[in-house]
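Visitor: I am new to this structure and would be grateful for a close look at a single part of it.

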Amino acid sequence: MARIDTEWLALRAGIKPGIRVTADVTSAPGIAERYQRLGCSVVMTHGRVGLERRPRVLIYIGATPQAASSLRAAEAHLLDPKTTPREQAFFTREFGLRLGYPGCCIDAFAERTRRGGGHLRDGDRDRHDPDYVHVHDAWVARPDWRLNNLLLNHHLRLISFAPCRFDCASALAQAQAIHRLVAAAAPAHLPVLEDRLRRPLLIASDGARAWVRFAAGKLTAAEAPHALEGPPDPVDLARAPAWPGAEFTADGRVQARGDPPPRLLDFAAVR
Ligand SMILES: [Zn+2]
């Protein structure tokens, strides 16, 4: 089944003013051309992004030339090592707003940036996977599956940002709008996407994750997450047998499987 481009659907519907894609040098021109053919404005630059700071082509796509170039300008400040922490916070907000993210979710993201990537608390020495730190901050007992942004590597998502809480009303409004767009554009894809986003998910502090089943406060089965067309992550696959049998607390802390403990988000809780 073809991958559904939720970002493009949201841009076309005016839910997002712009989107940003990273690519390698070989595939970037094709991606830029595809969006230009769809009537978008595209600007590109080079930069080192992500955890590994790999050199990438950064592609900014907007409904207007101004939307595309202002995205590029905002991220240029973020990538500049001379930018002060105070300016970082300002441009993080600018960049998020121009990508159409809710203000409350941008603020929560900016706060994690200010604390220092990977830190659970101010002054912590240990660094953890950024998605784990996000889950630590945004955890709720009844997370909404529409806000599940933890399977982006498998291209399974409605939203492309980290919600401030897994029941944030503003994030949910955007997720529901995108859900309607997917229903109209790719109805056959929707049940597959829903099924995968709705599975209870565990994430460990190193970023390993698993789809799990549980009963009476205990994990009973675990599986490495995967898309229909893609393989599971080798780390997730190797770790999956370790999860069954573990007990967890009411606030989703999985016991005796690492410190800080893996967290469980029950995305099946909300229909
Ligand atoms: Zn929010």
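At what angle do the axes of helix α4 and helix α5 cross?

Guide: This is a predicted model, in which local features need pLDDT of at least 70 and side-chain atom pairs count only at pLDDT 80 or more, while totals for chains, interfaces and linings use all residues. Residues are numbered from 1 along each chain as its sequence is written.

The axes of α4 (residues 85-98) and α5 (residues 103-115) cross at roughly 150 degrees and come within 10 Å. Helices here are DSSP runs of H or I with at least four residues, numbered from the N terminus. Axes are lines fitted to C-alpha atoms, for helices over the stretch in contact, and angles run from 0 to 180 degrees between N-to-C directions. The crossing angle therefore makes α4 roughly antiparallel to α5, a term for angles over 145 degrees. The crossing of α4 and α5 is also right-handed, meaning that the near helix is turned clockwise from the far one by less than a right angle.

On the α4 side, the contact is made by P85, Q88, A89, T92, R93, G96 and L97. From α5 come I106, F109, A110, T113 and R114. Two residues are in contact if their C-beta atoms, placed from the backbone, lie within 7 Å. Sorted by class, this contact of α4 with α5 has six nonpolar, four polar and two charged residues. Here Ala, Val, Leu, Ile, Met, Phe, Trp, Tyr, Cys and Pro count as nonpolar, Asp, Glu, Lys and Arg as charged, and the others, Gly among them, as polar.

Conventions. Helices (H or I, at least four residues) and strands (E, at least two) are DSSP runs, numbered from the N terminus. Angles under 35 degrees count as roughly parallel, over 145 as roughly antiparallel, 65 to 115 as roughly perpendicular and the rest as oblique.
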